[in-house]
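Hi everyone, thanks for coming.

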Amino acid sequence: MLPIPGQVLVNVGDPVDPTQVVARTNLLGDFHIVPAARLLGIPTSQLGRHLRVRLGDEVRRGQTIAALSGPLGRSVKSPLNGVVTASGSGRILIEAQPTRFELRAYIDGTVSDVLRNYGVTIETMGAIIQGVWGAGRESFGVLKCMVKSPDQPLRARSIDSSCHGTILIGGTKLNEAVLERAQELQVRGIVTGGLAPEMLPLMKGVLFPVVVTEGIGEVPMSEPIFRLLATNEGREASISGRVRPRGGITRPEIIIPLPSGSTPPTQAQVRSPLEVGMQVRVVRAPLIGAVGTVVALPTHAHRIETGARVRGAEVDLNQAEPVFVPLANLEVLR
Amino acid sequence: MAQEQRIGSILVADCGAVMTKAMLLDQVNGQYRFVAQGEALTTTRHPWSDVAAGIRHAIEQISAVTGRRFLDGSANLISPELSNRQGVDVFAATISASQPLQVVLGGLVQDLSIASAERAAAGTYSQIRAILDGGKRGTSSDKEHVRAIRDNAPDVVCIAGGTEGGADRPVLELVESTTLACSMMEPEVRPLVLYAGNSQLRRQVTEIVGEEAELRVADNVLPTLEGENLLNAQEELDALYVQQKMGELPGIDTVSNWSPAPITPTARAFGRLMQYLWHLGEPPDIVKGSKATPSSGILGVDVGAASTTVAAVFDGQLFLTVRGDLGVAFGGERLLQKQGTETITRWLPEPMDGNEARGFFINRAMHPTSIPQEPRELWLEQALTREAIRTTLQIARPGWRPGVAQPYSHLLPLFDTIVVSGGVLAHAPHPGQAALIVLDGLEPIGITTLVLDAHGLAPALGNVAAVKPLAAVEALDGGGFINLATVITPIGEARPGDTVLRVQVTYDDDSTFSVEVNYGDLEVLPLPPGQQAVLELHPRRGFDVGLGGPGKSGKRQVSGGLVGLIIDARGRPLALSSDPQQSQAQVQQWLWDVGG
């Protein structure tokens with residue numbers, strides 16, 4: 001959606017591609033409040049008779065906008081190129097030309113709804129992977145798997161010119177050298193299982209989206225997510241690093257559109273209760289990111305390491321024995 | 001009156017940022033009782049995008065427990081109750097699930113009008129996006145002010161400043177900057193302007209704002225330097241929250257149709273219950289033995305997932321403060337960045353660096369319903385809860401008017417009863433941990449009863465009190481709240497290890513127990529819930545336990561609690577060692593002392 005009202009350029013039913021502009025608006029630019037009355041040395045109420053511009057006039061930097069009469073009269077000049085948008089209380093407001101903001105589709109799909117003056121809803125068929133944290137905005141590119149297994153870190157030395165324009169799939173973590181190399185080679189995005197907390201400050205200035213799928217810390221990417229990304233290596237995908245935990249819960253994501261004509265998957269049941277046999281992911285330490293299968297649902301509460309007694313599930317995590325995990329700390333993978 | 005007589009069953013719902021609760025009160029043997037509760041995820045977001053769905057999910061759990069049906073074939077609430085016991089007579093709802101009101105504040109002096117405006121905004125769920133300091137004058141300040149409003153695009157700009165008959169030009173310049181900013185924004189996104197400054201400038205303010213923005217006017221929040229007047233401005237901001245934020249929730253119309261009374265912000269209902277408890281005079285059984293008197297107040301603290309509320313009542317007057325951007329699931333990372341890692345880690349019994357803490361808070365925010373599995377994460381959550389209470393209290397206290405309830409200006413006023421609510425407190429693995437969080441967060445003085453709202457009933461009962469006061473009283477009597485502990489805090493100074501208080505406890509069975517408490521100690525004595533005891537307190541000379549002044553001895557009847565009797569002789573203000581290893585040892589010792 002546009003940040004402020006603007007113009008939507010497509011209609012319901014239109015096909016769109018990721019680079020296509022679907023809406024645009026003008027973002028407010030710089031501005032300057034010129035204290036013209038003070039600069040001229042006159043009472044604020046008298047400024048009106050000394051103005052040399054009117055509301056709506058375009059002005060150029062250095063152009064006289066107010067002046068006293070006479071050859072030696074003082075004058076006030078515009079400090080920037082812009083438009084006179086207001087005057088009053090002895091001041092003149094000049095706003096620079098707004099900057100054009102273009103909203104791109106970001107995914108391949110079809111426009112299914114138009115939000116008047118603000119944006120569109122685009123439908124597509126494919127896989128969506130939601131992460132838990134992200135940085136950067138939206139982009140798209142070809143998926144490229146950089147590790148052999150989800151518990152391996154992404155290394156800078158493995159990033160070469162073949163990574164240009166791609167979305168890199170990593171494993172447990174990445175470091176500053178990886179970010180530098182990726183930016184150098186104009187990678188389109190990075191997906192990683194975990195991210196060390198000390199890397200967080202570096203994410204502010206990153207030039208491409210980064211999506212963390214499991215959590216902050218050294219956490220391997222979960223097996224199903226890694227498998228989904230790796231088997232789609234070579235396919236175009238869209239990636240967004242936007243994250244907003246509260247309210248709208250905007251999660252960082254990767255969308256892999258399926259080829260047209262593909263059979264849509266069955267609709268997942270949102271409220272189906274947890275059952276034995278379901279695949280789940282653990283969302284809290286000490287097993288954050290671990291994926292397994294529910295093997296039992298005890299009817300009684302168990303005491304966990306903190307001393308709390310909680311309801312939970314026995315989960316097979318491919319360890320020697322199933323592990324008890326509180327229900328509140330499980331996500332069902334659908 | 002006829003309508004009130006027909007109220008038998010009452011269903012109340014509270015829609016929080018993360019969880020939605022529904023509670024059923026009904027008459028059992030002629031008395032209102034809390035009968036059943038259901039809890040479900042709040043459903044304001046995809047895939048439901050309908051706040052009513054979460055309420056329905058919670059109601060379904062009550063149906064499963066009680067065997068009664070509350071929703072009709074169209075999934076709407078059945079009301080009033082039918083002869084076959086389907087439905088309920090009355091439904092009421094409280095909500096805190098909305099985004100907080102985005103506010104830009106303007107004032108002239110940081111510690112005066114700006115602070116008062118901040119406290120006015122804190123009367124509802126709000127987030128301060130920027131502060132316009134009118135004390136800084138000049139073109140560059142104008143530009144900063146205009147940019148702050150334009151870039152933050154708040155819901156409301158609240159301008160205070162100028163006592164009555166005081167400053168005028170600086171206040172009007174703030175209004176001019178605000179109006180200029182509004183003129184630069186698209187009409188649909190312009191903020192509303194709330195003027196709560198020098199009332200003699202209202203006509204000029206109205207002229208300046210003109211047609212550029214919607215203007216509302218409230219009483220001057222600081223009419224004189226000696227006293228604030230926040231109520232009107234708080235009411236205006238609260239009304240804006242209800243109208244602009246709660247009113248925008250998807251599905252809110254459905255919920256409104258179910259309820260004969262307006263839907264209330266959760267914090268307001270919580271505060272109403274505290275006020276109601278104060279006015280009860282003779283409180284229900286659960287707090288018997290520590291009656292609110294004109295010389296002390298009642299305090300309520302609710303630490304939720306996304307917000308923290310402090311409600312203090314003195315002489316029947318409510319002082320409500322809400323941090324709409326700080327709870328145990330959301331806001332931790334921001335608190336860490338703003339106040340520094342040490343603010344949080346000082347409460348931990350083991351070392352932890354800032355990066356690990358930051359990573360924890362980020363992960364927590366993405367999984368707000370999750371619970372700590374490792375002690376390390378539990379301590380971190382409990383540390384955040386302490387700081388949420390402390391930072392909210394910091395905003396609240398300067399606005400209180402406790403009168404004689406505050407014998408020491410630098411310490412908390414006297415409170416007979418402190419009601420605490422929120423998941424981290426209610427679900428602490430050991431009740432001693434909950435008590436310690438409250439003692440560290442609030443630092444109460446004198447003799448206080450800590451009461452735990454174990455089921456999150458407080459806002460619901462505050463709402464019920466407005467509809468059917470008798471139901472609220474009887475529900476409290478019936479065990480809605482649980483006594484956590486009675487706390488005795490002697491005030492004074494001594495050397496660590498000096499005896500500062502002698503206590504003799506006489507139990508119901510006339511057995512006695514005596515103890516001498518040393519300065520620096522945290523002592524816990526057994527007194528289970530449901531039992532009473534008489535305490536004979538003999539403070540050391542110069543020490544005040546709230547029995548009439550320093551050195552005054554006396555007797556007091558007290559009630560038992562989950563933790564029992566706590567004598568907190570650690571000193572006020574509480575001092576933690578600046579050495580991390582020593583403070584960790586201190587915190588660990590305190591946890592052992594309370595049995596946690």
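Some housekeeping. This is a predicted model, where local features need pLDDT of at least 70, side-chain atom pairs count only at pLDDT 80 or more, and totals for chains, interfaces and linings use all residues. Residues are numbered from 1 along each chain as its sequence is written, while chains are lettered from A and ligands numbered from 1 in the order in which they are written.

Back to chain A. Where they touch, 6 residues of domain 1 of chain A meet 7 residues of domain 3 of chain A; "in contact" here says that the C-beta atoms, placed from the backbone, lie within 7 Å.

What about the chain as a whole? Chain A has 3 helices and 27 strands, with helices (H or I, at least four residues) and strands (E, at least two) being DSSP runs numbered from the N terminus. Its C-alpha atoms fill a box of roughly 95 × 50 × 45 Å along the principal axes. How does the radius of gyration of chain A sit against that of a compact globule? A compact globule of 334 residues would be near 20 Å, but chain A has 28 Å. That radius is taken over C-alpha atoms, and the globule rule is 2.2 Å times the number of residues to the power 0.38.

Now chain B. With 596 residues, a compact globule would have a radius of gyration near 25 Å, and chain B has 25 Å, which agrees. The C-alpha trace of chain B spans about 75 × 65 × 50 Å along its principal axes, and its secondary structure comes to 18 helices and 22 strands.

On burial, 55% of the 596 residues of chain B count as buried, and for the 334 residues of chain A the figure is 38%. Buried is 20 or more other C-beta atoms within 10 Å of a residue's own, exposed is 12 or fewer, and partly exposed is in between, with C-beta atoms placed from the backbone.

Let's zoom in on helix 2 of chain B, residues 51-66. At 1.5 Å a residue, its 16 residues should span 22 Å, and the end C-alpha atoms are 23 Å apart, which agrees; the expected span is 1.5 Å times one less than the number of residues. Its buried residues include Val51(B), Ile55(B), Ile59(B) and Ile62(B). Among the elements covering the buried residues are strand 1 (10-15) and helix 8 (252-258) of chain B. After helix 2 comes Gly67(B), with a positive phi near 80 degrees.

How do the chains meet? The contact takes 38 residues from chain A and 39 residues from chain B. The chain A side divides into 24 nonpolar, 9 polar and 5 charged, counting Ala, Val, Leu, Ile, Met, Phe, Trp, Tyr, Cys and Pro as nonpolar, Asp, Glu, Lys and Arg as charged, and the others, Gly among them, as polar.

Last, confidence. The predictor gives the complex an ipTM of 0.87 and a pTM of 0.91. Chain B averages a pLDDT of 91, and 96% of its residues score at least 70; pLDDT is the predictor's confidence in each residue, from 0 to 100. Over residues 282-294 of chain B, though, the pLDDT is below 50. Where pLDDT is low, the predicted coordinates should not be read in detail.

How values were computed: Two residues are in contact if their C-beta atoms, placed from the backbone, lie within 7 Å.
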